[in-house]
Amino acid sequence: MARAPAARSATPLVEAIRARGLRATAPRVAVLELLGRARTPQSHASIAEALLGSGWDRATIYRNLVAMTEAGLLRRADLGDHVWRFELRRPGPRASAHAHDRPERAVEHPHFLCDSCGEVTCLADSAVEIRAGAAVPRAVRRKRVAIQIQGRCDRCAP
Ligand SMILES: [Zn+2]
Ligand SMILES: [Zn+2]
């Protein structure tokens, strides 16, 4: 997928942060860059360790992870092992800024957790459909849910 060239002074990441009403501080940009490169959701511990050389302590990284999650830039999931992992909230075909107005698109991509080695895989092109009937909890309609599929990864069950 080609990205538009960054002709303006503000990078796309800086613009994305500002579009969510946050100041585009250096730790926030660094966290988004890191998660943009990551193939899988990352724990606070691994993010803090990766950014150790930048001089930000764990608490700073954590505060920024929480702020960007609340602002809708990141998604946070506990995949059943009681570790919060963070990943970018990638916009769908339509800008995700309006996702909360579209409850029919309530379901984010699922994650596969290997119950043997603990490896996490984003099933980014997969979807689980939950029909938004009266019995569906508000959390589902508001995307405050994580969908997780467990089993054995290819390495553990060849
Ligand atoms: Zn495995
Ligand atoms: Zn994912």
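## The mixed sheet

Strands β5, β4 and β6 form, in that order, an open sheet of three strands with mixed pairing. Neighbouring strands here are turned by 25° against each other on average, direction ignored. Strand β4 (residues 111–114) runs antiparallel to β5, and three bridges join them. Within this pair, F112 stands opposite T121 in β5. Strands count as paired if DSSP finds at least two bridges between them.

## Basis and overall make-up

The model is predicted: local features need pLDDT of at least 70, side-chain atom pairs count only at pLDDT 80 or more, and totals for chains, interfaces and linings use all residues. Residues are numbered from 1 along each chain as its sequence is written, while chains are lettered from A and ligands numbered from 1 in the order in which they are written.

The protein chain has five helices and six strands. From the N terminus on, these elements run α-α-β-α-α-β-β-β-β-α-β. Helices (H or I, at least four residues) and strands (E, at least two) are DSSP runs, numbered from the N terminus. Of the 158 residues in the protein chain, 16% are buried. A residue is buried if 20 or more other C-beta atoms lie within 10 Å of its own, exposed if 12 or fewer, and partly exposed in between, with C-beta atoms placed from the backbone. Among contacts in the protein chain with a separation of 6 or more, 57% come from residues 24 or more positions apart. Contact means that the C-beta atoms of two residues, placed from the backbone, lie within 7 Å.

## Strands β1, β2 and β3

Strand β3 (residues 84–88) pairs with β1 (residues 42–43) in the antiparallel sense over two bridges. There, S43 stands opposite R85 in β3. Strand β2 (residues 74–78) is also antiparallel to β3, and five bridges join the two. R76 is opposite F86 in β3. The hairpin of β2 and β3 has five residues between the strands, and G80 takes a positive phi near 100°.

## Packing of α2 and α4

Helix α2 (residues 26–37) packs on helix α4 (residues 58–70) at an angle of about 75°, with the axes 10 Å apart. Axes are lines fitted to C-alpha atoms, for helices over the stretch in contact, and angles run from 0 to 180 degrees between N-to-C directions. The two helices, α2 and α4, are therefore roughly perpendicular, a class that covers 65 to 115 degrees. P27, R28 and V31 of α2 meet T60, I61, N64, L65 and M68 of α4. By class, this contact of α2 with α4 has five nonpolar, two polar and one charged residues.

## The nonpolar core and L74

The largest nonpolar core has 13 residues, of which V31, I47, L65, L73 and L74 touch the most other members. Helices α1 (12–19), α2 and α4 each supply at least two residues of this core. Such a core is a set of buried Ala, Val, Leu, Ile, Met, Phe, Trp, Tyr and Cys residues joined through C-beta atoms within 7 Å. Leaving out residues up to four places away in sequence, L73 touches A16, I17, R20, L32, M68 and R89.

L74 lies in strand β2. L74 is buried because 20 other C-beta atoms are within 10 Å. Beyond its neighbours within four places in sequence, L74 is in contact with L35, L65, M68, T69, F86, E87, L88 and R89. L88 is 14 residues from L74 along the chain, and their C-alpha atoms are separated by 4.6 Å.

Notes
Angles under 35 degrees count as roughly parallel, over 145 as roughly antiparallel, 65 to 115 as roughly perpendicular and the rest as oblique. Ala, Val, Leu, Ile, Met, Phe, Trp, Tyr, Cys and Pro count as nonpolar, Asp, Glu, Lys and Arg as charged, and the others, Gly among them, as polar.
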